[in-house]
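Colleague: I would like to learn how to read helix packing and sheet order in a model. Could we take one feature at a time?

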Amino acid sequence: MSWGTELWDQFDNLEKHTQWGIDILEKYIKFVKERTEIELSYAKQLRNLSKKYQPKKNSKEEEEYRYTACKAFLSTLNEMNDYAGQHEVISENMTSQITVELARYVQELKQERKSHFHDGRKAQQHIETCWKQLESSKRRFERDCKEADRAQQYFEKMDADINVTKADVEKARQQAQIRHQMAEDSKADYSSILQKFNHEQREYYYSHIPTIFQKIQEMEERRIVRMGESMKTYAEADRQVVPIIGKCLDGIVKAAESIDQKNDSQLVIEAYKSGFEPPGDIEFEDYTQPMKRTISENSLSNSRGEGKAELKFGGKSKGKLWPFIKKNKGAAPEDFSNLPPEQRRKKLQQKVDELNKDIQKEMDQRDAITKMKDVYLKNPQMGDPASLDHKLTEVSQNIEKLRLEAQKFEAWLAEVEGRLPARSEQARRQSGMYDGQTAPPVNNCAQDRESSPDGSYTEEQSQESEVKVLATDFDDEFDDEEPLPAIGTCKALYTFDGQNEGTISVVEGETLYVIEEDKGDGWTRIRRSEDEEGYVPTSYVEVYLDKNAKGAKTYI
């Protein structure tokens, strides 16, 4: 199967067909180019989408990403960013391996096609020239033969005429011979040109044209093969990123599987836990005997009709009244004493961490200035060492100021965590020294509380005008409290040397009484004897609670 033998007379059609092949290749290049633009646009949109939903730095959103569900969502955003990167890789590979290569190949193909068809036209022009020469020699031979015939006939006529002189007859005979010779020369010339033309024609149809058409056929077949290879490369560009895209999707699935609803619930507890116990029951106040009624030591206020309200809290009721205390709407105290114990501890810890970071930053700056000063001392031409003294002094003062600030907040934090003596009963309540106790009666609070629209309670207006209740203003003593009842036993798993105030030392294997469970701060309150009790780390003991004991929790 050869175009040179089968299509020897289809030069013009082959020219049109090869041009159509180049047009198809250019159309395919344009298709791939538009696909790469789509991939880049898609990748850009995915990146913008991922960026749009990323948490903003130093914002409340960043705190929300402590939860496992939010962490999984953040992982999904990061994976989508990588996913977008793979589409950029597809675009880059298609551009470099297909679009650029094919564009260069098309230019080479056009040049090759032009060269082949130029050779074909040149062969056509040559055979047409040979044909014209043949036709010209043929016409000349025909003309010379006719002239020779006319000259012969004229000679014979003159020779038969008796009136013609011998000289005229001789002249006619010579003319006839000349014409006859010219006819013979034209015949020989025509015969030679005919042979040459037949040879050129055989070369044209059986050699030149088949060779040219064969090259054109090979060129066209290479174009077809190249287009097929480009389509394979097109598919491979997608296939190469499939494993990485699969990993991105696997990462999203893994992030989804890492979601822990229990952990998120625990984070909610840690975020909002106040550390207080729910309010105890309010005892009935008997007003049927007005003369014998006395003001209860634990009453929130006197009855509405008895003038100015008094506010006295019994020791065991302090932690129980938090939900009914109107919050102070003024500026927050520096030591966060307006917050519940657990929230106050977190705020103080956060402040201490921030101050320590600031101190470290200033210390790094001081070290850098010191090194620069040493360089100036060794190389005075680089600068004056004395010029850095003012900056060094300023940084040192900042460090000292930050350290004093940090010590102040660390003292408050230590107080909250029970490492130092508490300034007030508020700190004792924060450290859990009397959690779980039952509140004694609170007098007259039922009729002096009014329900707010949202279901919470606020103090009556008349009481607000006389009494401002703050979380830090509880000053009663607890020295006369009765010992808490045991709610179970525990066995020490490890030896603990309780050196801080409020803790108790235990020996591995020792059995003790549990009087207060872990409130979520990692400490359990135990008793060895009536005069020896304190806190130990919950992880150091194995607790056995008495299910029938008051205050014991049941775990499923």
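Colleague: How many bridges join strand β3 (residues 488-492) to β4?

Modeller: Some ground rules come before the count. This is a predicted model, with local features needing pLDDT of at least 70, side-chain atom pairs counting only at pLDDT 80 or more, and totals for chains, interfaces and linings using all residues. Residues are numbered from 1 along each chain as its sequence is written, and side-chain values use heavy atoms, with hydrogens and water left out. Strands (E, at least two residues) and helices (H or I, at least four) are DSSP runs, numbered from the N terminus. Two strands pair if DSSP finds at least two bridges between them. Here, four bridges join β3 to β4, and the two strands run antiparallel. Within this pair, Cys490 has Leu512 of β4 as its bridge partner.

Colleague: What order do the strands of the sheet take?

Modeller: The order is β6-β5-β4-β3-β7, in an open sheet of five strands with antiparallel pairing. β6 (532-537) and β7 (541-545) are at the edges with a single partner strand each, so one side of each has no neighbour in the sheet. On average, neighbouring strands are turned by 40° against each other, direction ignored.

Colleague: Which residues can I use to follow β5 (residues 523-529)?

Modeller: Start from β4 (residues 511-516), which three bridges join to β5 in an antiparallel run. Val514 stands opposite Ile526 in β5. The two strands form a hairpin with six residues between them, and Gly520 in its turn has a positive phi of about 105°. Then go on to β6: six bridges join β5 to β6, again antiparallel. Ser529 faces Glu532 in β6, and two residues link these strands in a hairpin.

Colleague: Now the helices. At what angle do the axes of α2 and α4 cross?

Modeller: Axes are lines fitted to C-alpha atoms, for helices over the stretch in contact, and angles run from 0 to 180 degrees between N-to-C directions. Under 35 degrees counts as roughly parallel, over 145 as roughly antiparallel, 65 to 115 as roughly perpendicular and the rest as oblique. The axes of α2 and α4 (residues 68-160) come within 8 Å and cross at roughly 165°. The two helices are therefore roughly antiparallel.

Colleague: How does α2 lie against α5?

Modeller: The axes of α2 (residues 11-52) and α5 (residues 166-257) come within 11 Å and cross at roughly 15°. That makes α2 roughly parallel to α5.

Colleague: And α4 itself: where does α4 bend?

Modeller: A bend at a residue is the angle between axes fitted to the seven residues ending there and the seven starting there. α4 bends by about 40° at Thr95. For the span, the expected value is 1.5 Å times one less than the number of residues. With 93 residues, α4 reaches 135 Å from its first C-alpha to its last, close to the 138 Å expected.
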